[in-house]
Amino acid sequence: MRFAVLMFPGSSGMECVRIIEKFLKQPVSKVWHRERDLSNYDVIILPGGFSYGDYLRPGALAALSPVIDGVRVAAEHGKLILGIGNGFQILLEAGLLPGTVLPNNHQQFRCGIQRVRVEQRETPFTREYQVGEVISLPFAHGHGNYYCDPETLQSLQKSKQIIFRYYGENPNGSLDGIAGLVNKTGNVLGTMLRPERAVALGAGFGGERIFTSMLRFGREKGVI
Amino acid sequence: MLSEQKQPFLEPTPEEICEKRLYQKMGMTTEEYEKVVQHLGRLPNWTETGIYSVMWSEHCSYKNSKALLRLFPTEGPQVLQGPGEGAGAIDIGDGQAVVFKIESHNHPSAVEPFQGAATGVGGIMRDVFSMGARPIALLNSLRFGSLDKEDVRHLLKQAVAGIGYYGNVIGVPTVGGEVVFDPVYNETPLVNAMCVGLLSHGDLQKGIAKGKGNRVIYIGASTGRDGIHGATFASEELSEDSEEMVPAVQAGDPFMGKRLMEACLELVQAQILVGIQDMGAAGLTSSSVEMAAKGESGILLNLDAVPQRDPEMTPYEMMLSESQERMLVIVEEKNVAEVHRICQKWEVQSVDIGEVTDDGTLTLIHKNKKVTSLPIKTLVNAPMVYREANEPAYYQSFATVDPVQELAGIEVEKAFYQVLSSPNVASKRWVYQQYDYMAQGATVVSPGSDAGVIAIEGTKKFLAVTTDGNGRYVYLDPKVGGAIAVAEAARNLVCTGAKPLAITDGLNFGSPEKPEIYWQMTGAIQGMQAACLTLETPVTGGNVSLYNETAGQAVYPTPIVGMVGLIDGPEKITTHSFKNEGDIILLLGNTLAELGGSELQQCITGQISGRPPQIDLEREKNVQKVVLEAIYSGWVQSAHDLSEGGLAVALAECCISGNRGAELAIKTDLSPLTFLFSESQSRVLLSVKVDHLEKVAQLAAAYQVPLTQLGRVGKSQVSVTVNGELLIDAPLCKLQQTWEGAIPWAMSSTSS
């Protein structure tokens, strides 16, 4: 499976690059935000960090980058798109996922490890989980408070697009405890959690299976 | 101060500066001014006077402290770069080096805590990446007043948010630090930030300007009027007028900082730099002058080329501005285009603003006129100030105070909860959860432990890093307190399984003009010197912050030690949390009746007195050897340094973080209260498997360190019996609530 990690000014994509090289042992390229053509890749990761210093709104400026055109095309072709933290914010700003994120309801940046419940396993990102399983994932953000209008929420619930929910504590005030959601076709995942860091933390946390699930999906599809 | 300076502003003539003594407003004494006139053989103009005043400020010249700083040992086989550059560097093997330094931003943080703290972080990071190193960790050391006060809560909230903002956006994890609260810091907080970076030996850079005709390239943000005279501001005590100094506080832009960092690191990799230096305190002035001084060169700057936020800026303003996120690099003419190319890639501006000369002179051109011509040697050789040291009266009167007697009769259990909920002892999660301590994905031991531990990519090595300081001990006995600061930092590292390598010192004191303060400085530095020598941890650089006073009231003398150690295998990483029920709990070291300056004394009486705990550095060294050898032998389940709050607090912390109870049965000649809360030095709380007990006992005996078996790790109850009397018996969750809830509770009384 060929991975692309998108690099915007202010992104911290090296963590993802390292995980794909060292842990998944798959080919990975860093792709600069000025590129447009992503047709060479099976998985596109929008990493965490602070693209454009969060100026205007988190993700707002990066969502206007040339590379986002490539992301749209890839999403339409059913490629896997994973937005982590700031990458999720960019996907929201680009309209590739519904809703938005607000500043955390306690108005502070918050870093920690959070328990999360897996809600769906019928997605390319969650094949290696059981429904109802509780895993622990790192997070670090100031704007992670997911919000959408009631109709959108209803539609997300109905079409089973909510795939992770915060369990126990809700670290940012997200609506309905939403910790991760996919688009209608299920190939675009956005989450404020940091699964790439879960791999660095070692076994026993469970976050690494987001990556291995994608590999399994690739195998099923015959791309590896 | 200087606030009358609005456009259009006619600069005073050299004669006016002299006659009206305008130099005094820039923080310069008449003697210093006369020395300048003597050097030049003429009267300096406005710009030149400004340049001398900042170069000769304590912040840039160390004129008050240099004589003392010479006491520090700065050499060792591990030292690649000692003091004198942006940051020190130590060898960690395999061709790699660690670059690290601590810096204070106390004065700006007192006036504008968010930006003051944020730019403190930005500044120390630039010191590290200007050495060619990629920053991999941040730490801090903070002192605030009493959390009962609303303005103190505001300062804490804003400073923590500012530290988090800069570090989080730039993507470097804040992996450790300390926060201490004491009324002496009510009006005068201390904000010290430390950065640790990693590089290959060949990439080590220097801040040097040499080679006649080489170009001087300005990189980064444009120059504005912010921070003018920041270095001078930092060299005076705070007063009501300090609020007027707000323009002297710079604003930071971490997004700019990140692009600047990536551009600079790529310039380093391109191997085209002759020299590179951050425009930190005293901005363009200190960076150009210091680089030229090191290269024994001259430097010519064409100020019209300097990127300016306002085209009307004067030479004086440009030279004294402390606008953030700026660097100065020296390259050969043929490499200028490559510098521009790399900077463009990162969307950072780069401008050729001058050249290296061989005339030993700082020459400034503005609007085609030579506006400044100063001999560089005189700029970097400020007249030293020799201060008088006098033992303060309190030191004598404390000689007869017996804190043990003073605290006799206090009930142990009551004391336990009171100390555990003191903000100094309680969990600092409220603070560190606002920092992205896992950025870069290499953090192995998170904040809240004895030291932060980070993995070095591509190796089996880990760095352990810590900051430590105890102003109370230093106040009560500077020499002893100074030695303890170094010893405790080393002990913290050893408890994680690391071999301590070297330190950076952050020296925070009051006004050196007061003999009592200079006495504190002298003693503290002597104590640190002794400990550095015994523990073989040289000083590779640091920072001096004086005049930490408000309305004549100085803070405690607060030297901070930032220390770096190396762990050469994952199996050696040790934490303080109890691991398994049934493990044996051991106390390494000797407990004496030492409550002077203790957390117990402060909590119960609201003040400190007496003498602090004493320290025997040879014993300290042996204790550390026992702990390290035991860890290397695989006999240690947990190790925790005993510090504020003594055994009682260390025990609670091991239990809470391990989510395990404990059962202790102690026999002692001391009173139970004294034994549990004494802050005797050179002690470590260990837990070991039953099978390893004998081995550890033999090891301790070999180094003649006392070892006492205290009890066992339990399930969910913490009980402590002293001389047969059950004094503490509480469910773990109660300790947890007390310890974790204290700071959030104190902070919630503010409207957020």
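**Exercise 1. How much area is buried between chain A and chain B, and what percentage of it do carbon and sulfur atoms give?**

Solution. The model is a predicted one, and the values below are computed from it. The size of an interface is often given as the accessible area lost when the parts come together. For chain A and chain B this buried area comes to about 2100 Å², and carbon and sulfur atoms give 55% of it. Turning from area to residues, chain A brings 25 residues to the contact, while chain B brings 19 residues.

**Exercise 2. Describe how helix H1 of chain A packs with helix H6 of chain A.**

Solution. Two packed helices are described by the angle between their axes and the distance between the axes. Helix H1(A) covers residues 14–24 and helix H6(A) covers residues 209–221; the angle between them is about 65 degrees, and their axes are 12 Å apart. Angles of 65 to 115 degrees count as roughly perpendicular, and H1(A) and H6(A) are therefore placed in that class. The crossing of H1(A) past H6(A) is right-handed. On the side of H1(A) the residues that meet the other helix are A:Ile19, A:Phe23 and A:Leu24, and on the side of H6(A) they are A:Phe211, A:Thr212 and A:Leu215. Sorted by class, this contact has five nonpolar residues, one polar residue and no charged residues.

**Exercise 3. Carry out the description for helix H3 and helix H11 of chain B.**

Solution. H3(B), residues 46–55, packs with H11(B), residues 283–294, at an angle of about 75 degrees, and the axes are 10 Å apart. The two helices are therefore roughly perpendicular to each other. B:Ile51, B:Val54 and B:Met55 of H3(B) make the contact with B:Thr285, B:Ser286, B:Val289 and B:Glu290 of H11(B). By class, four of these residues are nonpolar, two are polar and one is charged.

**Exercise 4. Locate B:Leu22 and list its contacts beyond its neighbours within four places in sequence.**

Solution. B:Leu22 sits in the loop that runs between helix H1 (14–19) and helix H2 (30–40) of chain B. With those sequence neighbours left aside, B:Leu22 contacts B:Pro12, B:Glu16, B:Ile17 and B:Trp46.

Definitions and conventions:
Residues numbered from 1 in each chain as written. Chains lettered and ligands numbered in written order. Predicted model: local features only at pLDDT ≥ 70, side-chain atom pairs only at ≥ 80, totals over all residues. Heavy atoms only, no water. Axes fitted to C-alpha atoms, helices over the stretch in contact; angles between N-to-C directions. Parallel < 35°, antiparallel > 145°, perpendicular 65-115°, else oblique. Left-handed = near helix turned anticlockwise from the far one by under 90°. Contact = heavy atoms within 4.5 Å. Nonpolar A, V, L, I, M, F, W, Y, C, P; charged D, E, K, R; others polar. Buried area = accessible area lost by both parts, 1.4 Å probe.
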